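Have the model open and follow along.

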Amino acid sequence: MNNMKHLFAILLTLLVTIAANAQQKAEIEVSYTEYQPNMRTGEKNGVTHQYILLAGGDNSKFYSPRTEYIDSLNSTPEGKAKYQEMTRSAYLGGKMNDIPRADGSYYVVKTGVNNKFACYDTAGTEKFYYEEEIPQSNWEVGDSSKTILGYECFTATADFHGRKWIVWFTPEIPVVAGPWKLQGAPGLILEAATEDGLYSFVADGIQQTDKNITPIYLSGEYGKTDRIKFFKAKRSFFDNPLGKINAQFGGSGISISNVRDKDGQAVERIYVPRETADFIETDY
């Protein structure tokens with residue numbers, strides 16, 4: 001009898017482990033172009049990134065496929081060697097545009113079980129991770145409609161983390177998801193923009209899929225924090241990037257007077273102030 005109980009305990013532990021490690025499959029894949037201001041010049045729509053949304057059930061993952069590819073390479077010794085060789089070959093061949101570079105910096109993972117977003121992002125040279133409760137945005141649905149990627153979409157507005165967002169969602173795809181952290185509208189969000197037009201997401205492709213919603217590569221390299229502390233750390237870096245780098249690496253040989261523009265003039269600051277162009281979230 002004791003042997004049977006022991007065997008049952010082992011099987012139960014095995015089943016729990018398998019269930020915990022089982023990966024949620026996505027049902028839909030949407031590609032988006034993100035537009036954001038150039039934080040060096042303040043130029044509107046000065047920077048674009050390509051992101052993908054994988055969504056299935058109550059779970060989703062929003063990420064840059066190019067960044068994930070580089071992170072996947074750097075997650076193993078063999079992949080890291082391949083990445084270094086790709087970089088070296090491009091550099092020696094004078095093909096600087098072929099050097100593999102990350103695109104968007106962040107990952108946003110939605111887990112329906114605990115009703116939280118898990119967010120992974122960078123603040124200068126540091127990586128941070130934080131969780132936040134999935135907000136219940138009070139979307140105000142409007143009367144306007146338009147067709148996006150062949151789907152009839154309707155407009156809705158809501159305030160979120162310091163900005164007013166205008167989105168276009170389609171009830172034809174009853175998935176409570178969208179780009180970045182935007183979700184909760186009565187249908188899949190295919191376009192979204194801040195009221196001032198500084199940030200926006202535009203869907204440019206959509207398809208059914210059965211891809212796994214995989215974990216984040218190199219997740220152990222991200223330091224735990226909270227949302228407000230993260231954006232304060234990011235702003236601190238943008239306001240004094242060279243000072244932060246010197247402090248982090250224990251050096252003092254880099255100063256802003258060493259940084260010159262294309263005409264050889266000393267640069268007073270690398271990034272524009274918060275009043276000119278702030279982050280996608282402004283309530284920090």
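Two rings of Phe, Tyr or Trp (for Trp, its six-membered ring) are called an aromatic pair here if their centres lie within 6.5 Å. With that in hand, the structure, which is a predicted model, holds 21 aromatic pairs.

One of these pairs joins F128 and F230, with 6.1 Å from centre to centre and 70° between the planes. The arrangement is edge-to-face, because planes over 60 degrees apart count as such. The pair links distant parts of the chain: F128 belongs to strand β6 (residues 126-133) and F230 to helix α4 (residues 227-239), 102 residues apart.

Ring pairs connect F128 and F230 with Y130, F231, F237, F238, Y271, F279 and Y284 in a cluster.

| Charged residue | Ring below | Distance to ring centre |
|---|---|---|
| K234 | F279 | 5.0 Å |
| R274 | Y284 | 3.8 Å |

Which strands pair with β6? Strand β5 (residues 116-123) pairs with β6 in the antiparallel sense, over eight bridges. Within this pairing, T122 has K127 of β6 as its bridge partner. The two strands form a hairpin with two residues between them, and G124 in the turn has a positive phi of about 70°. Strand β12 (residues 223-224) also pairs with β6, here in the parallel sense and over two bridges. In β12, K224 stands opposite Y129.

A last stop is S200, which is found in strand β11 (residues 200-208). S200 counts as buried because its relative accessibility is 12%, and the cut-off is under 20%. What does S200 touch, leaving aside its neighbours within four places in sequence? S200 is in contact with T33, E34 and Y35, and also with A192 and A193.

Terms used. Residues numbered from 1 in each chain as written. Predicted model: local features only at pLDDT ≥ 70, side-chain atom pairs only at ≥ 80, totals over all residues. Heavy atoms only, no water. Phe/Tyr/Trp six-rings, centres within 6.5 Å; stacked < 30°, edge-to-face > 60°. Helix = DSSP H or I, 4+ residues; strand = E, 2+ residues; numbered from the N terminus. Lys NZ or Arg CZ within 6 Å of the ring centre and 35° of its normal. Pairing = 2+ DSSP bridges. Buried < 20%, exposed > 50% of the residue type's maximum accessible area, 1.4 Å probe, protein only. Contact = heavy atoms within 4.5 Å.
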